[in-house]
Amino acid sequence: VVFALTRRTAQINKDHKQENTLEKAIRFHATGGPEVLRLEDVAVGEPGPGEVRLRHVAVGLNFADTYFRNGTYPIPLPAGMGVEAAGIVEAVGTGVTNVAVGDKVTYTGFLNTLGAYSTARIIAAAPLIKLPEGIDCETAAAMTMRGLTSAYLMRRIYDFKAGDTLLIHAAAGGVGLIVSQWAKLLGVRVIGTVSTEEKAAVARAHGCDEIINYSHEDVAKRARELTGGTGVDVVFDSVGKSTFMASLDSLKHRGLLVCVGTASGPIEGFNPQLLAMKGSLYLTRPALADYIADPAEKAELAGEIFGHVAAGRIRIEINQRYELKDAVQAHRDLESRKTTGSSIFVI
């Protein structure tokens, strides 16, 4: 009896310890600049039905994270930060069939994955993607959101064919480098915009045929010069407010502008008649969530980008690595456009 009670007491203490295991996480209690981010102790217990406990190995740093932090994407506070990470499954709740303990997985999403800036967490199993052979956790954390974004841009938004011309802003960024390499696989001519000669060199090394340095060149004028006055077929614009008109003016008649971000601020209202005046242009503002909502489509897009990376056809450049405690500096670097390629937190 004494032995049984001792074992039971030990098990209770073990369970209590598990329920109150303290991990580290970046949280914020008010919206604002990078300084609102705090490294805090958080309790991580056991997964409930449909959930897993995930031990992070690497966490992705995305410009979208700043939109949560500054209030562009309003959410209840206090809240965690980050929507993308990769790691190892430590425990699974009832009903989980898509992953098992020990699996290496990655994820990205929106509100359903918020809280990625952490050493470990409880998360729904549904968004998790098992990593294929040849993709490690650091690479996955650096490419899941950027890779899936690039996949839907290249495979769902426009039917690219050899000889088409694509203008992509922020060509030395994470999405820019992936898109440029993917475009070259399809025989697409790529014109990239950058702000420095250093970024120009990075963009050229990843597939850009032509570079426009917007710090001293007129983007639209140069784009038309490079296309014999015709304009480009498609523009991918992740900058927003400061590049919107130049993007429209860079397009050929009936060309397509894809607004995929607002790094310089939201685009102010405009009269749709402007699209007709500039050549019957098309405009779309897609969101990744709508292209990965269907599990089958998500799996197809993930299979394409992971396949390219595993085979060496597309390289993922991790050019900045941070610790969680350096989240404030990481956001400052991101917003000041000091970064190139992908950035991650190494846990």
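Q: A cavity is a set of points where a 1.4 Å probe fits but cannot get out. With that in mind, how many cavities of 30 Å³ or more does a search of the whole structure find?
A: Do keep in mind that this is a predicted model. The search of the whole structure turns up one cavity of 30 Å³ or more. The largest cavity has a volume of about 40 Å³.

Q: Which residues line the largest cavity, and which helix gives the most to that lining?
A: The lining is made of Gly174, Leu177, Ile178, Gln181, Arg315, Ile316, Glu317, Gly341 and Ser342. Helix H4 (residues 174-185) gives the most, with four residues.

Q: How do the residues of this lining divide into nonpolar, polar and charged?
A: Three are nonpolar, four are polar and two are charged.

Q: Why is the pair of phenylalanine 68 and phenylalanine 110 called tilted?
A: There are 11 aromatic pairs by the rule used. In this pair the ring centres are 5.1 Å apart and the planes stand at 45 degrees. Rings pair if their centres lie within 6.5 Å, and planes under 30 degrees apart count as stacked, over 60 as edge-to-face and the rest as tilted. At 45 degrees, the pair is therefore tilted.

Q: What makes this pair a tie between separate parts of the sequence?
A: Phenylalanine 68 sits in helix H2 (residues 63-70), while phenylalanine 110 is in the loop between strand E6 (104-108) and strand E7 (120-124), so the pair ties together parts that are 42 residues apart in sequence. Both rings also belong to a cluster, linked by ring pairs, of Phe63, Tyr67, Phe68, Tyr73 and Phe110.

Q: Are phenylalanine 68 and phenylalanine 110 buried, partly exposed or exposed?
A: Buried means under 20% relative accessible area, and exposed means over 50%. Phenylalanine 68 has 1% relative accessibility, so it counts as buried. Phenylalanine 110, with a relative accessible area of 35%, is partly exposed.

Q: What makes tyrosine 322 and phenylalanine 345 a tilted pair, and where do they lie?
A: Their rings are 6.0 Å apart centre to centre, with 50 degrees between the planes. Tyrosine 322 is in strand E15 (residues 318-322) and phenylalanine 345 in strand E16 (residues 342-346), so parts 23 residues apart in sequence are tied together. Both tyrosine 322 and phenylalanine 345 are buried.

Q: Why does glycine 134 count as exposed?
A: Exposed means over 50% relative accessible area. Glycine 134 has 68% relative accessibility, so it counts as exposed. Its place is in the loop between strand E8 (129-130) and helix H3 (137-157). Glycine 134 and valine 309 are 175 residues apart in sequence, yet 8.3 Å apart in space, C-alpha to C-alpha.

Q: Why is one side of strand E2 (37-44) and of strand E4 (79-80) left without a neighbour in the sheet?
A: Three strands form this open antiparallel sheet in the order E2-E1-E4. Strands E2 and E4 stand at its edges, each with a single partner strand, so one side of each has no neighbour in the sheet.

Q: How do you know that strand E1 (residues 21-28) pairs with E4?
A: Two strands pair if there are at least two bridges between them. E1 and E4 are joined over two bridges in the antiparallel sense. Arginine 27 has glycine 80 in E4 as its bridge partner.

Note on methods:
Residues numbered from 1 in each chain as written. Predicted model: local features only at pLDDT ≥ 70, side-chain atom pairs only at ≥ 80, totals over all residues. Heavy atoms only, no water. Buried < 20%, exposed > 50% of the residue type's maximum accessible area, 1.4 Å probe, protein only. 1 Å grid on protein atoms, 1.4 Å probe; cavity = no way out; pocket = protein on both sides within 12 Å on 5 of 7 lines; lining within 4 Å. Points joined across faces, edges and corners; volume = space filled by probe spheres on them. Nonpolar A, V, L, I, M, F, W, Y, C, P; charged D, E, K, R; others polar.
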